[in-house]
Amino acid sequence: MAGIAENIRNVRAHIPAHVTLVCVSKFQPVDAIREAYEAGERHFAESRVQELKNKITQLPDDIHWHFIGHLQTNKVRDLLKIRPYLIHSVDSLHLLEAINAEAAKQGITQDVLIELHTAKEDTKTGFKTENIERILDFTPDFMQSLRIRGLMTMATNTDDETEIRRCFTEVSNIKSQISNKDMVLSMGMSDDYRIAIECGSNMVRIGSAIFGERTYK
């Protein structure tokens, strides 16, 4: 089996320079993350606040930590104390409000992405795409302790490439209608990141193609 450094080289061969690679390190041991770090990676993603807290203390300070899991409001305080680089999975107005309120208490401005629900699966969360422009217009005036950096989505879990493209194109079309052309578009994982990049993604979240299959605890 190929090592992590070789896997990274193989993945990066298909990622243009303008696309940020986020290594999804959730459930991976610290040694595996360190190997990816030594191969040059600096963006890593976790999905549980406690696991992220434990790993931060054991790894270099210049890592940009992304939070990609479903975030419960009772975990917002602990997460923001860590000062994550970017929270990808803001899937409701209630969560936006909670992040803004806690960031204000801590005297920080937190960068977030708005998660859009494009998949044909009820288990996935996120804002409906038809509501997103209202949310983007609303938040800057009322939520001054967070910064909406862009959009995130997860495609339908299917082998149907047409359906996957539909999910990604729907979000890409929304981005094209927004005046801020520097917005992050976080789309694409190990099985579909090449399609996502073709559809306009400029940030991909890749785990198993780098670290191998996860051992869930």
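Biologist: Why is Glu51 called buried?

Modeller: In this predicted model, Glu51 has a relative accessibility of 16%. Buried means under 20%, so Glu51 counts as buried.

Biologist: Where does Glu51 lie, and what is Glu51 in contact with?

Modeller: Glu51 lies in helix α3, which covers residues 49–56. Leaving aside neighbours within four places in sequence, Glu51 is in contact with Ser25, Lys26, Phe27, Gln28 and Glu46. Contact here means heavy atoms within 4.5 Å.

Biologist: Phe27 is in that list. Is Phe27 buried or exposed?

Modeller: The relative accessible area of Phe27 is 10%. The limit for buried is under 20%, so Phe27 is buried. Phe27 is found in the loop between β1 (20–24) and α2.

Biologist: What is the phi of Phe27?

Modeller: Phi of Phe27 is positive, about 70°, although Phe27 is not a glycine. Arg83 also has a positive phi, near 60°, and is a residue other than glycine.

Biologist: Where is Arg83, and why is Arg83 called partly exposed?

Modeller: Arg83 sits in the loop between α4 (76–82) and β4 (86–90). Its relative accessible area is 43%. Buried needs under 20% and exposed needs over 50%, so Arg83 is partly exposed.

Biologist: What makes α1 oblique to α2?

Modeller: Helix α1 (residues 4–12) and helix α2 (residues 30–38) pack at an angle of about 50°, and their axes are 9 Å apart. Angles under 35 degrees count as roughly parallel, over 145 as roughly antiparallel and 65 to 115 as roughly perpendicular, with the rest oblique. The angle of about 50° belongs to the rest, which makes α1 oblique to α2. The crossing of the two helices is right-handed.

Biologist: Which residues make the contact between α1 and α2, and how many of each class are there?

Modeller: Helix α1 contributes Ile4, Ala5 and Ile8, while α2 contributes Ala32, Glu35 and Ala36. The contact has five nonpolar, no polar and one charged residues. Ala and Ile count as nonpolar and Glu as charged, so Glu35 is the charged residue in this contact.

Biologist: Which residues have the most contacts inside the largest nonpolar core?

Modeller: They are Ile99 and Ile114, in a core of 62 residues. Not counting residues up to four places away in sequence, Ile114 touches Val90, Leu96, Phe127, Ile132, Leu136, Ile148, Gly150, Leu151 and Met152. There is also a second, separate core of nine residues, including Val24, Ala45, Ile68 and Leu86.

Biologist: Why is Lys175 called buried?

Modeller: Lys175 has a relative accessible area of 16%. Buried means under 20%, so Lys175 is buried. Lys175 is found in helix α7 (residues 161–176).

Biologist: How far apart are Lys175 and Lys55?

Modeller: The two are 120 residues apart in sequence and 33 Å apart in space, C-alpha to C-alpha.

Biologist: What makes Glu97 partly exposed?

Modeller: Glu97 has a relative accessible area of 39%. Partly exposed lies between buried, under 20%, and exposed, over 50%, so Glu97 is partly exposed. Glu97 is found in helix α5 (residues 93–106). Its C-alpha atom is separated by 28 Å from that of Met189, which is 92 residues apart from Glu97 along the chain.

Note on methods: Residues numbered from 1 in each chain as written. Predicted model: local features only at pLDDT ≥ 70, side-chain atom pairs only at ≥ 80, totals over all residues. Heavy atoms only, no water. Axes fitted to C-alpha atoms, helices over the stretch in contact; angles between N-to-C directions. Helix = DSSP H or I, 4+ residues; strand = E, 2+ residues; numbered from the N terminus. Left-handed = near helix turned anticlockwise from the far one by under 90°. Core = buried A, V, L, I, M, F, W, Y, C linked by side-chain atoms within 4.5 Å. Buried < 20%, exposed > 50% of the residue type's maximum accessible area, 1.4 Å probe, protein only.
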